[in-house]
Amino acid sequence: MPTPISELCCSPVLAGPLTPEAADDLATALKVVADATRLRLLGLIRTQPGGEACTCDLTEPLGLAQPTVTHHLKVLYEAGFLDRERRGRQTYYRIVPESMSVLCQALDPAGQPVAV
């Protein structure tokens, strides 16, 4: 399983050379979000009331089957981009704010924290 994004700690990509390990970890995190469906999921979840959504709220807007949506949510969760909570038979997902901050900081040449 990849290192969760919230555990990555690296200097901005353009500030200087990354260690091989930091480069591998960051590349893995970027691969997770370099998928159109996953980017759409992040946007859909963030714009839901309370900043959270259950799987049942996400299938119709994406036009995808529930197993496909669940797969993408699992990938985002395992990479540390989402948190989840079971409520009865439903699972609710919310974005881990630190995950977006880590990505923004890694890609910001000035190395300044970015509010998400």
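Modeller: Start with the core. The largest nonpolar core has 23 residues, and L42, I45, L58, L73, F81 and L82 touch the most other members. Two or more residues come from each of helix 1 (20–33), helix 2 (36–47), helix 3 (55–62), helix 4 (66–78), strand 3 (90–95) and helix 5 (97–107). This is a predicted model: local features need pLDDT of at least 70, side-chain atom pairs count only at pLDDT 80 or more, and totals for chains, interfaces and linings use all residues. Residues are numbered from 1 along each chain as its sequence is written, and side-chain values use heavy atoms, with hydrogens and water left out.

Colleague: What makes a set of residues a nonpolar core?

Modeller: The members are buried Ala, Val, Leu, Ile, Met, Phe, Trp, Tyr and Cys residues, joined through side-chain atoms within 4.5 Å. Buried means under 20% relative accessible area; exposed is over 50%, and partly exposed is in between (1.4 Å probe, protein chains only).

Colleague: Why is G80 called buried?

Modeller: Its relative accessibility is 10%. The cut-off is under 20%, so G80 counts as buried. G80 lies in the loop between helix 4 and strand 2 (82–87). Its C-alpha atom is 7.1 Å from that of V96, 16 residues apart along the chain.

Colleague: What counts as a helix or a strand?

Modeller: Both are DSSP runs, numbered from the N terminus: H or I with at least four residues for helices, E with at least two for strands. On that basis the chain has 5 helices and 3 strands. Their pattern along the sequence is α-α-β-α-α-β-β-α.

Colleague: Which residues does L42 touch?

Modeller: L42 touches V33, L76, F81, L82, I95 and M100, not counting residues up to four places away in sequence. Contact means heavy atoms within 4.5 Å.

Colleague: Why do the buried residues of helix 3 line one face?

Modeller: The buried residues are T55, L58, T59 and L62. Seen down the axis of helix 3, they fall within an arc of 105°, so they line one face. The arc is taken from the directions from the helix axis to the C-beta atoms. These residues pack against helix 2, strand 1 (52–54), helix 4 and strand 3. Just after helix 3, G63 takes a positive phi of about 70°.

Colleague: What covers the buried residues of helix 5?

Modeller: The cover includes helix 1, helix 2 and strand 3. The buried residues of helix 5 are S99, M100, S101, V102, L103 and A106.

Colleague: How much of the chain is buried?

Modeller: Buried residues make up 34% of the 116 residues. Of the contacts with a separation of 6 or more, 52% join residues 24 or more positions apart.
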